[in-house]
Amino acid sequence: LSVGRLDELKRVDLLLRTLKGCDSRIKGKIAGTGPDYGRLKKLVSEWNLSDRVEFLGYVPDEDLLDLYADCRMVFFAPLDEDSGYITLEAFLSKKPVITAFDSGGPLEFVSDRQNGLVLKDLNEKAMAERVEALFLDESKCRAWGECGFQKAAAINWDHVIDVQIRGE
């Protein structure tokens, strides 16, 4: 699952590049709208991914909860993102997150091989191998999703105030 604005900086094309090299049983759902839709749609067609990628457009919050609940993992690898809200939403849904070494905000939450994957090499083959291995290991997805949930659940206003006041 990919959630967010379809913009080049969000790098949804990395998900498509990854899917291109993955087992054909692995499918992707993309929730969101934006200026990069046309280019992404063209890539899906060029790479023969039409039967494996579904563009959902705008998804209301209540439906988004179902998408998170039904997916195996969340792909969120923007370039230098300032926040990681999608990451927290995924973790609160007990899903591991796939992000990239240069994604910024999500790296504050995603720990490689603990609650998700941090793609250190954006080579299609390397991304596909790592994502496919995780996707096909359902128990690992559950365990990493639970680990992400524990991390996200610990984030609350008391913690934020402690960090701000005491510098913890």
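A residue is called buried when its relative accessible area is under 20%, exposed when it is over 50%, and partly exposed in between, with a 1.4 Å probe and only protein chains considered. The structure is a predicted model, in which local features need pLDDT of at least 70 and side-chain atom pairs count only at pLDDT 80 or more, whereas totals for chains, interfaces and linings use all residues. Residues are numbered from 1 along each chain as its sequence is written, and side-chain values use heavy atoms, with hydrogens and water left out.

Asp 70 belongs to helix α3, where helices are DSSP runs (H or I) of at least four residues, numbered from the N terminus. With a relative accessible area of 70%, Asp 70 is exposed. Together with Asp 61, Glu 62, Asp 63, Asp 66 and Glu 89, Asp 70 forms a negative surface patch, a patch being made of residues with over 30% relative accessible area and no salt bridge, with like charges joined within 9 Å. Helix α3, which spans residues 61-70, supplies five residues, the largest share of this negative patch.

Ser 103, by contrast, is placed in the loop between β5 (97-100) and β6 (116-119), and it counts as buried because its relative accessibility is 0%. A polar atom of the Ser 103 side chain lies 2.7 Å from the backbone oxygen of Pro 78.

Ala 143 is situated in helix α6, residues 138-153, and counts as partly exposed at 45% relative accessibility. Between Ala 143 and Gln 114, the C-alpha to C-alpha distance is 8.4 Å, although the two are 29 residues apart in sequence.

Technical notes: Patch = residues over 30% accessible without salt bridge, like charges linked within 9 Å, V, L, I, M, F, W, Y side chains within 5 Å. Areas by Shrake-Rupley, 256 points an atom, 1.4 Å probe, with all protein chains shown as cover. Salt bridge = Lys/Arg side-chain N within 4 Å of Asp/Glu carboxyl O. Lys, Arg positive; Asp, Glu negative; His and termini not counted. Charge placed at Lys NZ, Arg CZ, Asp CG, Glu CD. Helix = DSSP H or I, 4+ residues; strand = E, 2+ residues; numbered from the N terminus. Polar contact = N/O pair within 3.5 Å; in protein donor to acceptor, adjacent residues only side chain to side chain.
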